[in-house]
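Trainee: I would like to go through this entry in questions and answers. Please give the cut-offs as the terms come up.

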Amino acid sequence: MARGAGELRLLGPGPEPGLLLLLLLLLGGLLVRSSGAAGPEPCQAPRQWEGRTVSYEHGTGRNRRAAVSYDGPNQRLRILEERKALIPCKKFFEYILLYKDAVMFQIEQVTKLCSKIALTEPWDPYDIPANSTYEDQYYIGGPGDEIMVQEWSDRKPARKLESWVGVYTVKDCYPVQETYTKNYSVTTSTRFFDLQLGIADPSVFTPPSTCQTAQMKKMKDEC
């Protein structure tokens with residue numbers, strides 16, 4: 001008896017070719033699923049940019065259009081409300097938020113009257129937090145004019161509802177839309193557009209001289 005044949009008999013009969021192929025396919029599927037189980041990683045959003053936003057407050061039903069300068073490294077934000085039309089008895093403001101100093105300046109655009117208000121909320125950057133949950137990826141727009149975006153949230157397995165949903169472009173990680181909810185109702189939804197990298201004029205974060213004698217209460221936007 002040949003040595004090789006005896007070793008084969010001791011090892012027992014091999015699996016049928018069809019069964020072996022099925023086992024290989026199942027193993028390959030498990031490997032693919034395990035390697036992709038973690039899903040996409042959050043991209044790194046630009047840390048300094050200027051652009052325009054439209055914020056919709058669901059409680060009041062009002063839209064606020066503004067030019068925005070965003071300085072992530074220094075935790076500064078400047079919001080200049082846009083005056084799209086003459087609205088009787090409506091005031092428009094410029095806001096300078098300096099989170100490292102925990103202070104916000106509110107400047108009336110016409111009179112330059114200034115209010116200085118303490119910031120109590122922590123700095124919340126326009127980015128995708130590292131512990132965010134990947135929700136979806138899809139195109140915005142139509143054929144030939146579409147942009148690929150990803151949707152993220154702060155939803156966790158133990159809590160089905162989310163309080164933040166952010167949509168960011170896949171290519172350069174620009175913010176497209178952010179929605180915040182509180183007490184199970186939508187409070188604010190913000191859309192971003194016309195974004196440009198960098199800060200053209202850093203002096204926009206310097207309050208005007210009228211803020212040296214600022215009042216300590218927030219001004220109303222109506223007469």
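Trainee: Which residues do ring pairs link into a cluster?

Mentor: Rings of Phe, Tyr and Trp (its six-membered ring) pair if their centres lie within 6.5 Å; planes under 30 degrees apart count as stacked, over 60 as edge-to-face and the rest as tilted. Linked through such pairs, the cluster consists of Trp 49, Tyr 70, Tyr 99, Trp 123, Tyr 126 and Phe 192.

Trainee: What is the origin of the model, and how are residues numbered?

Mentor: The model is predicted, and local features need pLDDT of at least 70, side-chain atom pairs count only at pLDDT 80 or more, while totals for chains, interfaces and linings use all residues. Side-chain values use heavy atoms, with hydrogens and water left out, and residue numbers run along each chain as its sequence is written, from 1.

Trainee: How many helices and strands are there, and in what pattern?

Mentor: Helices (H or I, at least four residues) and strands (E, at least two) are DSSP runs, numbered from the N terminus. The protein has two helices and 11 strands. Along the sequence the pattern reads α-α-β-β-β-β-β-β-β-β-β-β-β.

Trainee: How many aromatic pairs are there, and what kind is the pair of Tyr 134 and Trp 152?

Mentor: The ring rule gives nine aromatic pairs. For Tyr 134 and Trp 152 the ring centres are 5.4 Å apart and the planes stand at 70°, so this pair is edge-to-face.

Trainee: Is Trp 152 buried or exposed?

Mentor: Buried means under 20% relative accessible area, exposed over 50%, and partly exposed in between (1.4 Å probe, protein chains only). Trp 152 has a relative accessible area of 1%, so the residue is buried.

Trainee: Which ring has the charged end of Lys 90 over it?

Mentor: A charge sits over a ring if NZ of Lys or CZ of Arg is within 6 Å of the ring centre and within 35 degrees of the ring normal. The charged end of Lys 90 is 4.4 Å from the centre of the ring in question, that of Phe 92.

Trainee: How much space lies in the largest pocket?

Mentor: On a 1 Å grid over the protein atoms alone, a pocket is an open set of points where a 1.4 Å probe fits, with protein on both sides within 12 Å along at least five of seven lines; lining residues have an atom within 4 Å of a point. Grid points are joined across faces, edges and corners, and the volume is the space filled by probe spheres set on the points. For the largest pocket that comes to about 1,700 Å³.

Trainee: Which residues in the lining are closest to the centre of the largest pocket?

Mentor: The lining holds 48 residues. Those closest to the centre are Ser 55, Glu 57, Arg 64, Ile 79 and Thr 188.

Trainee: Which element gives the most to this lining?

Mentor: Elements that give two or more residues include β1 (48-57), β2 (62-71), β3 (76-81) and β10 (175-182). With seven residues, the top contributor is β2.

Trainee: What share of the residues is buried?

Mentor: The protein has 223 residues. The buried share of them is 31%.

Trainee: Which residues does Thr 179 contact beyond its sequence neighbours?

Mentor: Thr 179 is in strand β10 and, at 17% relative accessibility, counts as buried. Contact means heavy atoms within 4.5 Å. Leaving aside neighbours within four places, the contacts of Thr 179 are Ser 163, Trp 164, Val 165, Val 186, Thr 188 and Ser 189.

Trainee: What is phi of Ala 102?

Mentor: Ala 102 lies in the loop between β4 and β5 and is partly exposed, at 35%. Its phi is positive, in a residue other than glycine, and is near 55°.
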